[in-house]
Amino acid sequence: MSTRRPDWTPTPQAVENSRITDFARFASPRAGRDLVGDYHALWAWSVDDVNGFWAAVWDYFRLPERPAGPALAAEALPGGVWFPGSTLNYTAEVFRDRTGTDTAVITVTEDTGPVAITWHELRRQVASLAQALTELGVRMGDRVVGYLPNGVQAVVAFLATAGLGATWAVCGQDYTAAAAEARLAQLRPTVLIAATGSLHGGKHIDRRADVQALRDALPTLTATIAVGDAAGAVTGALSWSALTERDAELAPVPVPFDHPLWVVFSSGTTGRPKGIVHGHGGVVLEQLKNLGLHLGLRSGDRLLWHTTPSWMMWNVLVAGLLLGATPVCYEGSPAYPGTDALWRLAARLEVNVLGTSPGYLAACRKAGVRLADHHPASLERLGVTGSAFPADLQHWVAGELGSRTQVVCTSGGTDVVTAFLGAAPTTPVWAGELSAPCLGVAVEAFGPDGRPVRGEVGELVVLRPMPSMPLYFWDDPDGSRYRGAYFDVYPGIWRHGDWITITDHGSVILHGRSDATLNRHGIRMGSSDIYGPVEQLEEIAEALVVGVEQDGGGYWMPLFVTTTDGIDVDDVLSEKIRDAIRHDASPRHVPDEIIQAPGIPHTRTGKKLEVPVKRLLRGEARRSVVDPGSVDRPELIDWYAHIGAAHRRRDGTAAGSAASRSPNG
């Protein structure tokens, strides 16, 4: 067994007072054994007795009365049938038992202070808009779509839509009109709600032309509702202010457990974005568990997760309302006017849970930000997701925050709009590791023979259904796209596409995407194992590594880096990078070439484009490889394509030359 000590351990008092311990007390009689104080015993019960666990979550959080019978009436992947005969509504659950004068939502922008919206005012605006949507012809099952920044208007629009039993989808204004069209037009929506302007990095961006273009591209619309001072400039648009100023009764419609709630979209980097449909019941159950038990949110707590409506973390942020917590909707850059802006905001608003990305935390370290100087006394947990979280960076963050704040690294997906792996208030934390599989998630690591492995790299798989797994993909009538996305390798088992190692102390190490696996000389390696040592160097801003199979059996593994402060990648820095990789990963991980790049391309939600870059380097047609509208810096597509072309133009000894340059010999 491992003797490695955790970097953070909860105090006995924190364990005793946590909500997950209270849930364990509630669940123990149902399980027929004591689950208190042993997270892994609680997790094992949650995946062994799927029916008992999810019924306990339903009852613990006092959801509406459910019919007798099993929680999971038909166990199948895909196609599990949950809580048949039950009805509920996401919006009804948000407003159940809420006090009118308490704060429901806080909105902040880069140039305006916090604006608090009470539960009474939020209910009034949602009811007013729901009535307006009904008058505009929106009916159960219709689609209402948004093109909006992260503000209270997006929250109101979503809740009004869900309350009617209509289906919601939204793109943030980090997307162009064309990229938003590629997603929203698939849904053939009835109403578009769009903002005429947005704010980022100190710049006010006029979106009127984008709104007009998006509206013109959606022929099924019966109405467009414009948000903002320039609403009148959008021809024929209705005014948001006018439609949310009335007094009306809020009457959410009860819907079946699996009634469509929203459509969220895949990144779309390799083709048409997939529209992933989730249901009311599955999302409500999953987010009560995720936010209530894993993040420990309680009524009145404040949750600030830096996100845009284009990313699933916006859906998680809004779900704080299900627990009576207060989402903080921030529009703008986390690093404007200074790198510490997000931390200053968290301290000012005394948030309880703050969420961000490893990239932002790395930028804070390189900028010399002292997190301790902006550490809110209220901060119980720092959530980190979106990409791999290097151990050395986590050590630094934990050292800055001290023992009173748990650093929670999570990994999941838009696919299930939650985490597969994470932590709980009762679990220790090891830097560079995710503390445990999440409750109700039957995670395993499969080796090459399709059997579970421990202490070895394997494919992340989920063996049993989860309530928030997709109902289906949009425009996938026979389910072939859905099955192909997750079940083509192991029929009846969800394959997520990540490499993980489950350790002997029950934590999980994430190595990167298995579809971007580095497989040099038969040795499988994860890209995150290289990013950690490289991106901790003060000269390196960011890195991207891919492995390219070549004709004749050759293999080219270049490492692309961007530098800080205009530093050039010379022989000295290149050797420093190689030494760091040798020392912190292994000699096998050292790349064939180190190439200075003008930038690293990402999805709009911040994930590195490893697979598309690999395909560009191989010479595949750009149009078939990646949709420029889904990339944060589309101009980089041509640069990487040219690098690939130049590499292929080398003489017949190119593969051998690359191999000879490798320090692996």
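Strand S21 and strand S22 (residues 418–422) pair in the antiparallel sense over three bridges. Two strands count as paired if DSSP finds at least two bridges between them. Helices (H or I, at least four residues) and strands (E, at least two) are DSSP runs, numbered from the N terminus. Gly412 stands opposite Ala419 in S22. The model is predicted: local features need pLDDT of at least 70, side-chain atom pairs count only at pLDDT 80 or more, and totals for chains, interfaces and linings use all residues. Residues are numbered from 1 along each chain as its sequence is written, and side-chain values use heavy atoms, with hydrogens and water left out.

The pair belongs to an open sheet of three strands, in the order S21-S22-S23, with antiparallel pairing. S21 (411–413) and S23 (436–437) stand at the edges, each with a single partner strand, so one side of each has no neighbour in the sheet.

In general, strands of a sheet pair through backbone hydrogen bonds, either parallel or antiparallel. Strand S16 (residues 302–305) pairs with S18 in the parallel sense over three bridges. There, Leu303 stands opposite Val353. S18 also pairs in the parallel sense with strand S19 (residues 381–384), over four bridges. Thr356 stands opposite Val384 in S19. Between S18 and S19 the chain crosses through helix H14 (residues 358–366), and this β-α-β crossover is right-handed. That hand applies if, with the strands pointing away from the viewer, the path from the first strand over the helix to the second runs clockwise.

Buried means under 20% relative accessible area, exposed over 50%, and partly exposed in between (1.4 Å probe, protein chains only).

Now the helices. Helix H2 (residues 19–31) and helix H3 (residues 39–48) pack at an angle of about 50°, with their axes 11 Å apart. That makes H2 oblique to H3. Axes are lines fitted to C-alpha atoms, for helices over the stretch in contact, and angles run from 0 to 180 degrees between N-to-C directions. Angles under 35 degrees count as roughly parallel, over 145 as roughly antiparallel, 65 to 115 as roughly perpendicular and the rest as oblique. The H2 and H3 crossing is left-handed. A crossing has that hand if the near helix is turned anticlockwise from the far one by less than a right angle, and is right-handed if clockwise. Residues in the contact include Phe23 and Ala27 of H2 and Leu42 and Trp45 of H3. Contact means heavy atoms within 4.5 Å.

Helix H4 (residues 50–60) is mostly covered, with nine of its 11 residues buried. Among them are Phe53, Trp54, Trp58 and Tyr60. The buried residues of H4 pack against H2, H3, strand S1 (72–74), strand S2 (81–82) and helix H11 (280–294). After H4 comes Arg62, with a positive phi near 55°.

Val126 lies in helix H6 (residues 119–135). At 0% relative accessibility, Val126 counts as buried. Leaving aside residues up to four places away in sequence, Val126 touches Thr91, Phe95, Val156, Leu159, Ala160 and Leu250.
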